[in-house]
Amino acid sequence: MERRSKRMLITLAVLFVVLAIVQRFTADTAVTALPWWVFVLIFATIVSGYMWIKAVAENRKEQAEWIEQEGRVYIRRMENERRERMNQDV
């Protein structure tokens, strides 16, 4: 399964659970008595959390790539120094 498909499936499952909980434990009057902006605020909070998690994951990926690149540079320098020492000894 693709990563995107898994993410969509998990999102739908979480949405289903949340809707089931809301339906089970709230009365119709309790949900409809809330102003519309409360729902917008809750939705915005959830989207903001998702975007934060996504940004952290991208940042970690970029850091890992940078560390790997710097490691390659360091190893290349070590190999060059080793070759120079071998050439000086000969």
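**View 1. Helices α1 (3–25) and α3 (36–89) each supply at least two residues of the positive patch.** The model is predicted: local features need pLDDT of at least 70, side-chain atom pairs count only at pLDDT 80 or more, and totals for chains, interfaces and linings use all residues. Residues are numbered from 1 along each chain as its sequence is written, and side-chain values use heavy atoms, with hydrogens and water left out. Helices are DSSP runs of H or I with at least four residues, numbered from the N terminus.

**View 2. A patch of positive charge on the surface gathers R3, R4, R7, K54 and K61.** Helix α1 gives the most to this patch, with 3 residues.

**View 3. Residue R4 lies in helix α1.** R4 is exposed because its relative accessible area is 68%, where exposed means over 50%, buried under 20%, and partly exposed in between (1.4 Å probe, protein chains only).

**View 4. Residue A13 is placed in helix α1.** A13 counts as partly exposed because its relative accessibility is 41%. From A13 to E58 the separation is 45 residues in sequence and 24 Å in space, C-alpha to C-alpha.

**View 5. Residue V40 is placed in helix α3.** V40 counts as partly exposed, at 45% relative accessibility. V40 and K6 stand 34 residues apart in sequence and 26 Å apart in space, C-alpha to C-alpha.

Key
Patches are made of residues with over 30% relative accessible area and no salt bridge: like charges are joined within 9 Å, nonpolar side chains (Val, Leu, Ile, Met, Phe, Trp, Tyr) within 5 Å. Accessible areas come from the Shrake-Rupley method with a 1.4 Å probe; for residues, only the protein chains shown count as cover. A salt bridge is a side-chain nitrogen of Lys or Arg within 4 Å of a carboxyl oxygen of Asp or Glu. Lys and Arg count as positive and Asp and Glu as negative; His and the chain ends are not counted. The place of a charge is taken as NZ of Lys, CZ of Arg, CG of Asp or CD of Glu.
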